[in-house]
Amino acid sequence: MVRTALDQPALELQSIKKSFGGVHALKNVTFKINKGEVVGLLGDNGAGKSTLVKCISGIHAPDEGEVKVNGEAVTITSPEEARAVGIETVFQDLAMIPEFNIVQNLFLNREIKHKNPILRWLGWLDTKAMMKRAKKSLNRLNTRIPSYDEQIHNLSGGQRQAIAIARAVNWGADIVIMDEPTAALGVEQSAQVNELIKVISSQGVAVLLISHNMQHVKETCDRAVVLYQGHSVADVAVADVTKEDLVALITGATTAAA
Amino acid sequence: MNAQSLSFNYVKQLAFKREAYIYYIFLFVMLFFAVVLHDTAFLTVSNFMNIVKQTAPLTIMAVGLTFALAVGHIDLSIGSTVALSALVGALLLQHTGIPLAVLGALTIGLIIGLINGLLIERLQVSSLLITLGTMGVVTGIARQLTNLESVPIINQDFTFIFGAGNLLGIPVLLIWTIAIGAIAYIVLNKLAKGRHILAVGGNPSAARAMGLQVTKIRIYALLTSSVAASLAGLLYAGRLHGARYTLGEADLLTVIAAVAIGGTSLFGGRACIIGAILGSWLMGMINNGLILSGFSTNEQMIARGVILIIAVAIGVKELRNG
């Protein structure tokens, strides 16, 4: 199941460093993700996972190091810039407006405007076109939605997760970062989200998956990168290691593997 | 069969929509007064036209306040903005023409809204406290400006446009109400701007994560609320042929009640313009009914307070459920 045959790097990180005051959150992080690959980002609390995610998604700027997207060096200093180079983040709180329906959430700040130039200038919404596009993109991800008029707060956690992922892909992301997508989900819904991750990676999207759940990592990821005290200490093919190996790497019991 | 169930669903949706209770309350109150006041002129077209004309400033304020509430702010300074804008407009009319006077009055709203917005967003203090403060300041300025004297308006064109006029048999105050209501409805329901306003009120951090400029949108919403209050001041001045520091003084509670009972959430994220308009008409109708029943001003105030509590109670209950 290793899908690295393409071997075209979508995202490359080289010696990323970030400190806050005297605290060195990231000391040296280096790894890459190829197109269509799902890479798990593992590490104990405080290992630097969330800082790294914030550095890639533009919430923090790294102090040192190089970020390359599709082979080109980029500087990302804001979420807008991250989005512009094709990086989308599915946040743990999903960044949804509870009162909005599915279509309204999918197109928030990316609305399709009316075809008529005057109405378009006013910012008049083309709700039919958005509905059509929403159906298309959710169908492409094999996501079944009861009703597109449903408000987000009436949906299950798995459905919301699916919509957040669909929104990321819908906005043309080449790289999708997911922060604990199944943390709050039951078994069946977790399986659906895993399925969804496979679908989008098969469409060429590179996925960086932050997870605590070793089972989840074994099931969905091609490779796993382990952070330990701000260093990337291991980069292994998931098929080559056991869950116990991964746990040993996370806790620092073994420092290098594979 | 399919079309039938579709239209049935539509009716069901309409009837059980969260905003829908304003229609029931409106009808209930109307029926109540129609029965109680059956020997008066309550249930006549001309009386209802009077209600609409008298409440026009309130309606405009309610529509403006809806924007502030939609982003999750409250604006307590609207009542004092009405008075100051009306006075400035009336004073300017003594020296210049209508365009400059109107511009001057609306600029007052613009300035107050900007001050409100910048203070709330820069200091990160609750809008309740900031606008309570600006309300005091603006009330003071309005009293000081003419030493509590009222300013008469003799400009016939002004009182026509902003008060007593009729266009093709339609009172201009009704035209103002419909025009402002329609614009606000379109902005909030049909334009991307309105979507963004509601998003900011619904979940500010999500709105920010999606790249919306939350601070700017909130300031725009407060500007809308203040400028609407300025326009309401002009409508008062036009109808009453003059301005006085007491204008708008007692309106704040009524306007908040009208907006809240119309289905707009007092906590942001949900706004209903038609509800705000109907809510203000409802308040006008209750006033009218209470006057025709012979209640005093004091008793009317009590009734308004009770209605506000009921409206907020419904709102809070919905918040917990939703």
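How many helices and how many strands are there in chain A? Nine helices and ten strands, and I'll say at once how those are counted: helices (H or I, at least four residues) and strands (E, at least two) are DSSP runs, numbered from the N terminus.

Some housekeeping, everyone. This is a predicted model, so local features need pLDDT of at least 70 and side-chain atom pairs count only at pLDDT 80 or more, while totals for chains, interfaces and linings use all residues. Residues are numbered from 1 along each chain as its sequence is written, and chains are lettered from A and ligands numbered from 1 in the order in which they are written.

On confidence, the model has an ipTM of 0.80 and a pTM of 0.85. For chain B the mean pLDDT is 89, with 91% of the residues at 70 or above; pLDDT is the predictor's confidence in each residue, from 0 to 100. A friendly reminder: where pLDDT is low, the predicted coordinates should not be read in detail.

Let's stay with chain A. Its C-alpha trace spans about 60 × 40 × 35 Å along the principal axes.

Of the 258 residues in chain A, 43% count as buried. Buried means that 20 or more other C-beta atoms lie within 10 Å of the residue's own; exposed means 12 or fewer, and partly exposed is in between, with C-beta atoms placed from the backbone. As for contacts, two residues are in contact if their C-beta atoms, placed from the backbone, lie within 7 Å. Among the chain A contacts between residues at least 6 apart in sequence, 67% join residues at least 24 apart.

Two asparagines in chain A deserve a look. N109(A) sits in the loop between helix 3 (102-106) and helix 4 (117-122) of chain A. Its phi is near 65°, a positive value in a residue other than glycine. N109(A) counts as partly exposed because it has 16 C-beta neighbours inside 10 Å. The other one, N154(A), is in the loop between helix 5 (127-140) and helix 6 (157-170) of chain A. With 13 other C-beta atoms within 10 Å, N154(A) is partly exposed.

Now over to chain B, which has 14 helices and four strands. Its C-alpha atoms fill a box of roughly 65 × 60 × 40 Å along the principal axes. A compact globule of 322 residues would have a radius of gyration near 20 Å, and chain B has 20 Å, which agrees. Buried residues make up 47% of those 322. Of the contacts in chain B with a separation of 6 or more, 79% are between residues 24 or more positions apart.

Chain B has a positive phi to show you too: L148(B), at about 65°, although it is not a glycine. L148(B) lies in the loop between helix 6 (127-145) and strand 1 (151-152) of chain B. Having 11 C-beta neighbours inside 10 Å, L148(B) counts as exposed.

Which way do helix 9 and helix 11 of chain B run relative to each other? Their axes come within 10 Å and cross at roughly 105°, so the two helices are roughly perpendicular. The axes are lines fitted to C-alpha atoms, for helices over the stretch in contact, with angles from 0 to 180 degrees between N-to-C directions. Under 35 degrees counts as roughly parallel, over 145 as roughly antiparallel, 65 to 115 as roughly perpendicular and the rest as oblique. Helix 9 brings H196(B), I197(B) and V200(B) to this contact, and helix 11 brings V214(B), I217(B), R218(B) and A221(B).

Finally, the meeting of the two chains: 17 residues from chain B and 20 residues from chain A take part in the contact. On the chain B side, helix 9 (192-202) and helix 10 (204-209) are the elements giving two or more residues. Helix 9 of chain B gives the most, with six residues. By type, the chain B side has seven nonpolar, six polar and four charged residues. Here Ala, Val, Leu, Ile, Met, Phe, Trp, Tyr, Cys and Pro count as nonpolar, Asp, Glu, Lys and Arg as charged, and the others, Gly among them, as polar.

Technical notes:
The radius of gyration is taken over C-alpha atoms; the globule rule is 2.2 Å times the number of residues to the power 0.38.
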